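Subject: Structure handover

Hello,

Here is the structure I promised you. Please open it first, then read my notes below.

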Amino acid sequence: MPLTFKHLAVAALALLPAALPTTVNALDEQQKKEFGEFIKEYLIENPEIMLDVQDALEKKQQEARQRQASAAVDSNKEALFASKYDLSLGNPQGDITIVEFFDYNCGYCKRALSDMDSIIAGDKNVRFVLKEFPILGPDSEAAHKVSDAFRKIAPEKYGEFHRALLGGEGRANEARAIEVAASLGVEEADIRKKMAESPNDESVREAYQLATSLGITGTPSYIVGNEAVFGAIGSNAIEEKVANVRSCGRTAC
């Protein structure tokens, strides 16, 4: 959020001598003029305060965002962790569940694919739920429709499909997704039949509703414990949060 004079004025108010009135509304016109000149002079001489104000504002916004996400996790546990539309990788009985919102055309999701695999390989007690969240245009929507059909036809191969499509070169679209499905033994005719008789409208609607309530606007985004994690923060950071949830029930102990 860009800084405004109002933001800076509020910050500078604390620097006024105690003898001055404590609110701008209590000042007369001459005092208001002097107040403005004082703030301007102070900021010109100390421009670094703008960075301090920006940092404080971002921290406050992040805390508010996490409070919203935490409340949303508590009220949407079934849809987040046990939705009939999702499949999980790793240990289905794991003591910690990580949920990832992803789009097959998200470059950061592609790079984060190795993070998921590293976490699953290194922690045999993690359950990793894949929440399909197509937000990057018609190609993504089409690729996710094929993915949903594939999941319904061959759920035991979904992990292979996911890795092949997300980890592949080029843009994911319907043709590419069908090509990946065929390489795993599911024919195009079967995919198209399943897409027609059982579209993914409800699953996408659920994902969008969850994202809205959680404050998620991009991919990848994760749910670990009761915290929403925005962006590809890397496997080490996620593993640390998992360890903290086991240790104290929160992502930060």
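**What I found**

The protein has 253 residues, and 42% of them are buried. Buried means under 20% relative accessible area, exposed means over 50%, and partly exposed is in between (1.4 Å probe, protein chains only). This is a predicted model: local features need pLDDT of at least 70, side-chain atom pairs count only at pLDDT 80 or more, and totals for chains, interfaces and linings use all residues. Residues are numbered from 1 along each chain as its sequence is written, and side-chain values use heavy atoms, with hydrogens and water left out.

The protein contains eleven helices and five strands. Helices (H or I, at least four residues) and strands (E, at least two) are DSSP runs, numbered from the N terminus. Of the contacts with a separation of 6 or more, 74% join residues 24 or more positions apart. Contact means heavy atoms within 4.5 Å.

Start with helix 7 (residues 158–167) and helix 8 (residues 174–183). They pack at an angle of about 140°, with axes 10 Å apart. That makes helix 7 oblique to helix 8. Axes are lines fitted to C-alpha atoms, for helices over the stretch in contact, and angles run from 0 to 180 degrees between N-to-C directions. Angles under 35 degrees count as roughly parallel, over 145 as roughly antiparallel, 65 to 115 as roughly perpendicular, and the rest as oblique.

Which residues of helix 7 and helix 8 meet? Helix 7 brings F161, A164 and L165, and helix 8 brings R176, A177, V180 and A181. By class, this contact of helix 7 with helix 8 has six nonpolar, no polar and one charged residues. Ala, Val, Leu, Ile, Met, Phe, Trp, Tyr, Cys and Pro count as nonpolar, Asp, Glu, Lys and Arg as charged, and the others, Gly among them, as polar.

Helix 8 also packs on helix 9 (residues 188–197), at about 120° and with axes 9 Å apart. That makes helix 8 oblique to helix 9. The contact uses E174, I178 and A181 of helix 8, with E188, I191, R192 and M195 of helix 9. By class, the contact of helix 8 with helix 9 has four nonpolar, no polar and three charged residues.

**A loop residue: A172**

A172 sits in the loop between helix 7 and helix 8. Is A172 buried or exposed? A172 is buried, at a relative accessible area of 2%. Not counting residues up to four places away in sequence, A172 touches Y104, N105, D139, S140, A143 and L165. The C-alpha atoms of A172 and A143 are 6.1 Å apart, although 29 residues separate them along the chain.

A143 is also one of the buried residues in helix 6. S140 is buried there too.

**Helix 11**

Helix 11 (residues 235–248) has 14 residues. Its buried residues are S235, I238, K241, V242, N244 and V245. What covers them includes strand 2 (96–102), helix 5 (107–122), strand 3 (126–132), strand 4 (221–224) and strand 5 (227–230).

Look at K241 in this helix. K241 counts as buried, at 18% relative accessibility. K241 touches V224, E227, V229, I233, R250 and T251, not counting residues up to four places away in sequence. Just after helix 11, G249 takes a positive phi of about 85°.

Best wishes

Notes:
The expected span of a helix is 1.5 Å times one less than its number of residues.
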